[in-house]
Each structure stands twice: as structure tokens, then as C-alpha cells.
Amino acid sequence: MAAMIPIGHNMIRSLLALTAVFSLVGCAHTPLDASEPPESDRPEVLPLMQTQDPEAVLMFSVLAAEIAVRSGEHAEAARYYGAAALLSDDPAIAERATRIALFAREPEHAQRSADRWLRLAPESTDASQVSTVLRINAGDAGQAAEQLDSLMNRVVVQGGDPYATLGGVIGQAQDQQAAMETMHLLAERRRDDVGVHRVQAEAALRFGEPGEEVLAVTERAAERFPESVQLRLLHARAQSEAGHDDAAVETLRATVEAHPDSREARLGYARVLTEMEDDVFAREEMDRLVEMAPEDAQLLLALALMNLEAEQLGPARDYLERLDAMGERENDVAYYLGRLHEMADEPEAALGAYARVEAGDHAEDARLRSARLTLKHDGAEAARDLFDPMQQGVDEDLARRAYLAEANALRELGEYAEARSRLNRGLVQFPGSTQLLYLRGLVHEREDDITAAEADFRAILESDPENIAALNALGYTLADRTDRYDEAYELILRAYEREPDDAAIIDSYGWVLYRLGRLEEAETQLRRAYSLSDDGEIASNLAVVLWERGEREEAREVLEAALEREPGHERLQRVRNDLIE
């Protein structure tokens with residue numbers, strides 16, 4: 001191997017500056033054919049001139065790489081930078097080689113450069129993390145586990161959190177099976193490290209479908225470390241996600257009995273009881289938590305949010321008002337009080353609460369919700385003074401969200417022409433916005449302008465052919481409003497194959513099957529969609545298919561229950577009128 005050339009950051013900047021000159025005058029270089037193996041004693045590039053001078057080859061490699069980057073030839077850039085990394089002992093060159101190769105999706109080049117980076121900068125946690133993720137994705141679980149073991153030791157020496165680092169590496173892995181195999185091997189190396197077993201259980205829950213394998217991982221960890229409340233809670237979560245609710249409750253009850261002073265255990269127990277609508281026992285656990293820490297603002301807020309999520313408005317109101325009286329977490333409390341008042345159909349109180357949110361993570365959403373509430377209760381003109389400043393401000397993300405919030409509220413009120421007008425204005429400001437085009441397509445459909453709706457959905461698919469929402473919306477529109485059923489089926493099927501458990505997509509799939517005359521399959525899919533969501537649109541489609549298949553009493557029951565939930569739903573009303581009246 002040729003001698004290594006030291007190269008500092010100043011030299012890098014000089015080399016990169018020279019690429020501007022080379023990009024103007026041109027550079028006659030010939031990349032090595034990918035099928036030709038490089039010689040063992042030099043990098044995989046041909047030098048600009050026939051020379052054995054390593055410094056000249058290094059300079060050529062960096063220049064050629066940067067010119068390739070500027071030309072958009074990222075795979076070629078990865079090869080040249082990889083060569084430069086082998087010639088230089090500067091970790092900055094190896095790091096850039098790694099990141100270029102990652103961007104170019106050249107994993108072999110990235111792995112070589114990352115390994116070189118790690119050899120040159122053995123204390124770099126970034127280098128170690130990148131190299132390890134690449135090894136996991138390459139299926140080299142053994143080497144990845146060894147590197148993770150070393151990385152965790154290094155992070156501890158540097159005063160960091162080794163488990164957060166471990167979780168971050170595993171979370172970046174694309175090959176989930178290899179990631180779990182890596183975690184298994186690491187857990188074997190660190191049999192008595194409860195933190196590693198916790199990360200392994202978390203990864204199993206994140207990667208795995210709820211089932212016996214995930215249950216086995218979490219159960220083994222919980223049994224190995226019976227004093228770990230976190231591992232018991234993770235096992236209970238795995239049981240719940242696998243559909244074993246009674247077992248989850250029993251696990252949590254036993255955890256609370258074993259650790260009666262653990263707020264974490266009681267909070268987990270209360271959450272599951274709340275989700276299962278066991279209100280009496282859930283409230284008992286919450287009361288015990290408050291007795292343990294009556295002034296803990298974070299705990300009170302967690303309890304309030306838990307109840308809000310479960311739509312238990314009474315307990316949520318109690319906790320939020322208690323926090324409000326304490327003067328703690330003022331912006332958060334005001335925001336969630338606004339959300340509670342909205343859910344309780346108390347618009348004036350909601351507006352008052354949102355007006356108190358002056359800063360923090362929820363300030364923008366409070367403004368948007370205030371404007372939307374004002375529009376719904378006082379009309380579009382009254383809300384204009386609230387929406388306009390957001391739509392015309394310097395924050396582009398907030399401006400887009402404001403257009404979407406206003407137009408969606410108008411659509412829900414049946415003000416389709418005004419919704420379309422505002423979306424048109426938003427698309428002038430943000431041409432090609434997927435979200436604005438999608439919503440305008442929905443508005444066009446409501447206006448019976450199917451040609452315009454199709455144009456908007458297809459505009460999205462031109463820039464993003466695999467956009468699931470647009471595939472589903474266009475497919476459903478064609479199935480519902482035209483006789484182009486075969487085309488609709490192909491579009492919906494593409495969405496369904498990517499999101500087979502999404503209720504709205506399953507509904508579309510069932511509806512196009514109905515339009516194709518495949519009634520038995522349609523009923524199966526629509527029943528599945530309805531089991532996942534009791535949305536009025538899904539209920540109306542299921543009722544139609546049930547009626548067609550002669551199950552008319554059940555069709556009536558589905559319609560009546562849905563109309564009780566959503567009495568103003570246009571499609572439900574239309575289906576009832578068509579079928580029954």
C-alpha cells in the first residue's frame with residue numbers, strides 16, 4: 001500500500017475550491033471499469049497523469065469526486081472519495097467519503113469508507129454508529145454486535161447514555177431481522193445488563209408484528225430481571241398489542257403489587273385500565289398516584305392527557321383545572337383546556353383557553369384551532385382576520401397549515417366554492433403542494449367536478465407515483481363516481497398492497513370490489529374496515545353491500561347506529577333514503 005498522506009481541513013478547503021476551476025476547464029478522467037478489480041497496492045481510480053506520487057493521486061481523487069458530486073454523479077463520486085479515503089490519514093476525508101457513498105446508496109463503498117473512518121478516528125461515536133448500522137444492513141450481526149459492545153463502552157467513558165446510543169443505532173437499521181439478531185447477540189454478550197435487554201424488548205415491539213416472538217422476547221427479559229418495572233411494562237404492552245388484554249392487566253396488577261411505590265408502574269396500569277374503559281379502577285390508581293405526588297405537575301399533566309385520549313372528559317378537566325390553579329405549565333395547560341372544551345362542544349371556553357397560549361410547542365396549533373373554531377361558529381369573514389396573518393407570514397409551514405385548516409373547515413361546512421377559492425390562492429403561493437392539491441381534489445369531488453378532481457390527484461402522482469393517499473383517493477373517486485372500475489381497482493390495489501391495515505384503504509378496496517360485482521369479497525373487506533373504524537363513509541358502503549346481499553336487517557342496524565353517531569353525514573343520509581325510504 002502506498003504511503004498515507006496527511007491532509008488537514010485547510011487542505012480540504014483548498015482542494016474543494018479548486019473543483020470550481022476544474023468544472024470550468026474540464027477534466028479528462030477515466031473511471032475504472034466496475035468489472036476490473038483494483039490492484040492491491042493502490043486505490044480504485046486511474047490517476048490524471050501516469051504517476052506513482054500518492055499526493056497527486058489523492059488530489060486527483062478528491063477533485064474528481066467533487067466534480068462528480070456537482071454533476072450529480074454520486075455513485076462515481078463515492079468511488080473516487082473511497083479512493084481518497086484509502087490514501088489519506090485524515091478522518092475528515094473518510095467521513096465525507098462515507099456520507100457521499102450513503103447518499104449514493106452504495107453500501108459497499110460506504111462500509112469500506114466507514115471502516116477507514118473508524119480506524120482513523122477510533123474515538124468517534126459517529127464513525128462507529130455509521131459503520132455498525134451498515135454492518136447490520138449487510139447482515140453481519142456478529143461483527144455489528146461486537147462493534148456495539150465497544151461503542152457502548154466508549155460512550156460511557158465519554159459521559160454519554162449508552163442505551164440511548166444503542167437504541168439510536170438499532171432504530172436506523174433497515175434490515176429489521178438482522179437488527180434483532182444483532183440485539184440477541186449483544187444481549188448474550190451482556191447477559192446481566194438490564195439496559196441492553198430493555199432496548200432489545202423495545203426493538204422487538206418496534207419491529208415485530210404483535211405475536212408470539214415479540215411476547216417471548218419481552219417475557220424472557222422480564223423474567224430475567226424481575227425487579228425491572230420497565231421490562232414488566234414492556235411485556236404488558238406486548239401482551240396488549242397481541243390482543244391478550246386480560247394477561248396485560250394481570251401483568252400490570254402484579255407489577256403494582258410488587259412495586260407499590262412505583263409511579264411508572266401505577267401510571268402504566270392506569271393507562272391500560274383507562275383504555276379498557278375500566279373507569280372505577282383506573283380512577284383509583286390515578287388517585288393513588290396523586291396522593292403519592294400531589295404537587296407533581298408532570299404527573300398531573302400525564303393523567304390529564306391520558307383521560308383526554310380516552311375521551312374521559314370529567315377526570316381530564318379535574319386534573320387540568322388543578323394544574324391551572326397551581327399556575328404550573330401554563331401554556332400547556334391552556335392548550336389542553338382548549339382541546340377539552342372543543343371536545344365538550346364549548347367553543348367560547350375553547351377560544352378563551354387558546355388565547356392564553358402565548359408560547360411553547362402548541363402556540364401555532366392554538367392559533368390554527370382558534371381560527372378554525374371562529375370560522376365554524378362565526379363564519380368565514382369573522383375568521384379571515386385570524387387566517388390571513390398566518391397565511392401571509394414568513395413561516396411557510398404555518399402558512400400552508402393555515403390554508404389547509406381554513407379550506408378543510410369550509411369543506412366540512414359544505415362551503416365548497418369558498419374552500420376551492422382559498423386552496424387556489426394557497427397553490428399560487430405554494431405551487432405543487434401535495435397537501436393543497438389533495439384537499440382541492442376532495443373539494444372538486446364534492447362539487448361533482450370529477451375531471452378536476454382527477455387532475456389534482458394525478459398531479460400528485462406525477463411527482464410522487466407511490467403517494468398512497470393520492471392512489472387511494474383517485475381510485476375511490478373513479479370507483480364511486482365513474483364506470484372506470486378496472487382502472488380504479490389497479491390504483492386502489494397499489495395503495496392496499498402498501499397499507500393493508502389502513503381502514504380507509506380497505507374501505508376503498510371493498511367498494512371497488514362491490515362495483516366489480518365481487519360482492520362476497522366486498523363484504524369481507526368492508527366488514528374488516530368497519531371493525532377498524534366506525535366512520536360514516538365506511539358504514540354507508542357496508543350497508544349498501546349488506547343490502548345487496550340480502551342482509552337487510554343488519555344493513556338497517558349499521559345505518560341507524562352510524563347516523564346516531566353522525567346525524568349530519570350526507571352519504572349516510574343519502575344511502576338511507578335510497579335503500580330504506
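Helix axes are lines fitted to C-alpha atoms over the stretch in contact, and angles between N-to-C directions run from 0 to 180 degrees. Helices are DSSP runs (H or I, at least four residues) numbered from the N terminus. The model is predicted: local features need pLDDT of at least 70, side-chain atom pairs count only at pLDDT 80 or more, and totals for chains, interfaces and linings use all residues. Residues are numbered from 1 along each chain as its sequence is written, and side-chain values use heavy atoms, without hydrogens and water.

Helix α21 (residues 380-391) packs against helix α23 (residues 416-429) at an angle of about 20°, the axes being 12 Å apart. The two are therefore roughly parallel (angles under 35 degrees). The crossing of α21 past α23 is right-handed, that is, the near helix is turned clockwise from the far one by less than a right angle. R384, D388 and Q391 of α21 meet E418, R422, R425 and Q429 of α23, where contact means heavy atoms within 4.5 Å. These residues comprise no nonpolar, two polar and five charged; Asp, Glu, Lys and Arg count as charged, Ala, Val, Leu, Ile, Met, Phe, Trp, Tyr, Cys and Pro as nonpolar, and the others, Gly among them, as polar.

## Helix pair α9 and α10

Helix α9 (residues 176-189) and helix α10 (residues 194-207) pack at about 160°, with axes 10 Å apart. They are therefore roughly antiparallel (angles over 145 degrees). α9 passes α10 in a left-handed crossing, with the near helix turned anticlockwise.

The contact involves Q176, A179, M180, M183, H184, L186 and A187 from α9, and V196, H197, V199, Q200, A203, A204 and F207 from α10. By class, the contact of α9 with α10 has 10 nonpolar, four polar and no charged residues.

## Nonpolar cores

A nonpolar core is a set of buried Ala, Val, Leu, Ile, Met, Phe, Trp, Tyr and Cys residues joined through side-chain atoms within 4.5 Å; buried means under 20% relative accessible area with a 1.4 Å probe, protein chains only. The largest core has 69 residues, of which F387, M390, L436, Y509 and V512 touch the most other members. Helix α22 (residues 396-412) gives the most to this core, nine residues.

Beyond four places in sequence, V512 contacts A479, Y485, A488, Y489 and I492.

## A buried arginine

R369 lies in helix α20 (residues 363-378). Its relative accessible area is 18%, so R369 is buried. Leaving out residues up to four places away in sequence, R369 touches Y335, R339, E342 and Y354.

Definitions and conventions. Angles under 35 degrees count as roughly parallel, over 145 as roughly antiparallel, 65 to 115 as roughly perpendicular and the rest as oblique. Buried means under 20% relative accessible area, exposed over 50%, partly exposed in between (1.4 Å probe, protein chains only).
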